[in-house]
Amino acid sequence: MAFDKMELREIEVWDGNFAAAQALRQAQVDVVAAYPITPSTPIVEGYAQFTADGYVEGEFVMVESEHAAMSACIGAAAAGGRVATATSSQGLALMSETLYQASGMRLPVVLNLVNRALAAPLNVNGDHSDMYMIRDSGWVQFDAFCPQEVYDLNLIAFRVSEDHGVRLPAIVNQDGFMTSHTAQGVKPLSDDAAYAFVGQYKPMNDMLDFEHPVTHGVQTEEDWHFEHKARQHNDLMTKVMPKIESVFAEFAQLTGRKYTPVEKYDMDDADVCVVCLGTSVETAREVAKEMRAQGIKAGVVGLRVIRPFPFFQIADALKGVKAIATLDRSSPNGAAGMLFNEVAGALFNTDTKALLSGYIYGLGGRDLTKAHLVALFKELQANVDAGKVTTQLQQFIGVRGPKLAFL
Amino acid sequence: MLEIRWHSRAGQGAVTGAKGLADVISTTGKQVQAFAFYGSAKRGAAMTAYNRVDDKVIMNHEKYMEPDYVFVIDPALAITTDVTINHKDSTKYIITTHMTTEELKKAQPKLDGKEVYTVDCITIANETIGRAIPNTPMLGAFMKISGMYDIEFFKESMKRVLGKLPQKIIDANMLAIQRAYDEVK
């Protein structure tokens, strides 16, 4: 092979960005087209460095915008290569038109989305506004809670995205700064083991296969457009989750690290629980354990897979709970909140009598402290004791000024 | 859980120092976390970096911290900012300054009654590395005050962490670490 391998230690101390860059190197991505943006920059910088240093047989394409970055990724994927990139916030916003092209054209691309607030006001720190903005764009979406999971989910994302029964692009989310720039112990696979897991890229309808000419990027009006979109949705609803679960199982066999579309912590006998994303899942796990010492049976549910939405799995995870809080790290700007709505939708028509309330927190990187979560779990227990939601259904936490609550 | 807060200016190497320390500690079987508040991330702007160390996997991602140690690697920050914020009674301070500990406490009354150690990491870095990068000497001083690891083990570990730098820079850093270890009071 025309590239060097890298000797890695059993435990490396990597931040989320470097963990992603290493996964892209080990997957031997053919093309990364990128326009760097904080806090995702070190991912594509890392791939470019590895390529320049002879650790990857691939190509880094510098482009003039994020719109061009994803356009070049689409071209490279249609040509028949393994493709990845990274972006955040405003970059994703500019990219959003082309995200729908990638999924509609059924092209496998892995996008590392390092979650960051959306302007205005300008802010480089972590929240989930960008993740929420493109959640219906037809991409498979994974969520990592720490650097180890960023590494693991990147390898997993290629397997799912490139599968010939799936052929849909995939996003791996991580919290800006809180994961992307936080160094922790990461157990990597060897280069050979990682590449063996991801596997050699298997082209499908590739444009560079001149023996089998194909058309990409077609126009369909009312005669066929709906059928294309319906089939794409059908595959997301029926084919993607089984594939994800089988790849998760294979990964667990290889590494011992088990993932599930809905991650449950201390949920077997929980009276109260929070449903959240990103690093908050881990902080909440720690607080839930501490609440149990105080006599409150607390649990945590984290979404590992956001799209396709694990509708029945989440209803099952929450079936015995008496009070649930959804934590949305994005301003709903006039609505109840994405997780609130999705969880409410999943629980409606079930036998649950659970009390559901929503919290908006952490915008623009505002700290979610353990003290916030202690107060929140106590509030949920008060709801259980009263047999009703004792607060308004939507509350803001960690924001200065008079308390904000709605609905 | 051991928690450390670094006070630095962007460009002085606090993030590299925090990550380097995490890397060394990780090789001894402990769990580590290193992160920073970048703010607007302009060179010279005041910033803070953080370490957490524990025997079990670190789940806590809150930025709030009541540190066991506070490292100040820019001399002016002990005066112009409150390096005692969110302190505990047991918090120990290692502060870069040309002053003695007593002079510093007079100049910054908030440090009065606190366990403060001083070392001139800026001068040490200038005289050994040739640049005012006070991060590695601070770690030498920390090894002395905490007794965390034998200084020879720590220096050997830092040689690996700094592995990509030219040999003479690595050697200069080893001198800087040893000098701070010897000179911190």
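Predicted model: local features only at pLDDT ≥ 70, side-chain atom pairs only at ≥ 80, totals over all residues.
Residues are numbered from 1 along each chain as its sequence is written, while chains are lettered from A and ligands numbered from 1 in the order in which they are written.

Let's start where the chains touch. On chain B, 17 residues are in contact with 17 residues of chain A (C-beta atoms, placed from the backbone, within 7 Å). Helix 1 (14-26) and strand 2 (31-37) of chain B each put at least two residues into that side; helices (H or I, at least four residues) and strands (E, at least two) are DSSP runs numbered from the N terminus. Strand 2 of chain B gives the largest share, six residues.

That strand also bridges across: two bridges link strand 2 of chain B to strand 8 (residues 183-186) of chain A, antiparallel (strands pair if DSSP finds at least two bridges between them). Here Ala183(A) has Ala34(B) as its bridge partner.

Now for chain A itself. Seven of its strands make an open, mixed sheet in the order 9-11-10-13-14-15-16, with strand 9 (262-265) and strand 16 (405-406) at the edges. Within the sheet, strand 13 (residues 323-328) and strand 14 (residues 355-361) of chain A are parallel over six bridges, and Asp328(A) sits opposite Ile360(A) of strand 14.

How values were computed: Contact = placed C-beta atoms within 7 Å.
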